[in-house]
Amino acid sequence: MLKLYNTLTRKKELFTPLHDKIVGLYTCGPTVYHYAHIGNLRTYVFEDVLKRTLQHEGYHVHHVMNITDVGHLTDDADSGEDKMEKGARREGKTAWDVAEFYTDAFKRDSALLNLIPPDTWCKATDHIKEQIALVQTLKNKGYTYETSDGIYFDTTKLPDYGKLAHLKEQKLKAGARVDMGEKKHPNDFALWKFTPAQEKRQMEWTAFEKKGFPGWHIECSAMSMKYLGEQFDIHCGGIDHVPVHHTNEIAQSETATGKKPWVQYWLHGEFLHINDAKMAKSEENFITLQTLQDHGISPVAYRYFLLQTHYRKQLTFSWKAVAGAEEGLEHLYRIVNGWKAEPKIGCAEYEKKFFDAMSDDLNMPQALAIMWDLVKSDYPPSAKKASLDAFDAILGLGLKDLQEKNTHIPHDVQALVKNRERARKEKRWNESDQLRQEIIARGFTIEDTATGPSLKKT
Ligand code: AMP
Ligand code: ZN
């Protein structure tokens, strides 16, 4: 009995998929003009927990994630520069190279966070034909108008425009800066943009008798429907997507197909904040997974840190809090390391409580508290480990791995080894010697071999 909070109805609802045991899940992916920051990664971890919970409930999940590599403008609306072209200028590379570089970086980060990869990755630039066809359908149906800079969706023709964000009640889009240009109504949005006459873009295509490129929202409508059908079960993203991006995706898709609702359940993750502000790529003061690792915080510990807060609650980042999570996870590893699971014998009482918490709109903090209660309980370690392995299918903290590897190297030691490697590369010998001493003090010897450092427990 899985219950999920649906942004569309503002209620927790019993989850019932359209097709028996198969779930279509679309999650808005990264705009690849820069590294993902740890705020973006919070959203992807929440989506991963959702997917793992669906799988635990016995659903086969078809997960599609897009890569935005064109058309996302710097102000999230219809003016400003394309983020990809901006990234290319910043780095002196082509927009295509920038996209490839940061797509690879995103996939590496995802793997470090134990995110199960989507079944289908789709790039906006690989689906230009589908996006043009969708714009053409909307044109044929009479829902568009053309200005000197693009083709726009006429939102005044859609009585239920803004239903996801309750825009009617709010009158104005929350947080949206209204730059009207030649638009007829502030909510109208670009489906397709024309390349300005004096500009040479790296990414552009000929369509509608001119050179141009897709608006940001059209890619998600075109690609999700291509891979999941005209109606599907779940669509996710960060909370900022509610008033603009997802609102416009709904307008395009429901108008094109005439089928409502386009998506049954909309789930949104709350933001990660830092110093009382949202973490944002555009601010360029963001923290990446690499920054965390440089400070001795492992990606899995960051995942553990995120699991401690409900996905619909704002979370404020602090170095103290992530260091606490690193310590907490190490503590868990130390307790569990060496426990061997007894197949098929778990602690039913705790398993019920844990999965009930997860089925209640992914109550991750409660599930973690239950996990710790189990760890501290009087059950035999073999039974506790069997249950922990089952929990780890959702938590993704590498607990199952511990049993397989058995000689686990704690994350703080891994971080020391990494820092020592860097110090050696940069010929800071005193520092590298000091780090070696710290590693020895943690109970390991370190040998430098041709393939890199080799660790042994003393
Ligand atoms: P982008 O790469 O900018 O397209 O964003 C990727 C995902 O990260 C989207 O789902 C955003 O809603 C989400 N996001 C952006 N900033 C934050 C933040 N500070 N905290 C959590 N999620 C965020
Ligand atoms: Zn999207």
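Contact here means heavy atoms within 4.5 Å. Helices (H or I, at least four residues) and strands (E, at least two) are DSSP runs, numbered from the N terminus.

The structure is a predicted model, in which local features need pLDDT of at least 70 and side-chain atom pairs count only at pLDDT 80 or more, while totals for chains, interfaces and linings use all residues. Residues are numbered from 1 along each chain as its sequence is written, and side-chain values use heavy atoms, without hydrogens and water.

**Helix α3**

The buried residues of α3 pack against α1 (38-56), β4 (60-67), α2 (83-91), β5 (120-123) and α8 (289-294). Buried denotes under 20% relative accessible area, exposed over 50%, and partly exposed in between (1.4 Å probe, protein chains only). Among the buried residues of α3 are Tyr102, Phe106 and Asp109.

**Hairpin β1–β2**

Strands β1 (residues 3-6) and β2 (residues 11-14) pair in the antiparallel sense over four bridges; pairing requires at least two bridges found by DSSP. Four residues separate the two strands of this hairpin, and Asn6 stands opposite Lys11 in β2.

| Residue | Location | Phi |
|---|---|---|
| Arg10 | in the turn of the β1–β2 hairpin | about 55° |
| Asn114 | just after α3 | about 60° |

**Trp266**

Trp266 is found in strand β12 (residues 263-269) and counts as buried because its relative accessibility is 1%. Leaving aside neighbours within four places in sequence, Trp266 is in contact with residues including Tyr5, Asn6, His235 and Glu249.

Definitions and conventions:
Chains are lettered from A and ligands numbered from 1 in the order in which they are written.
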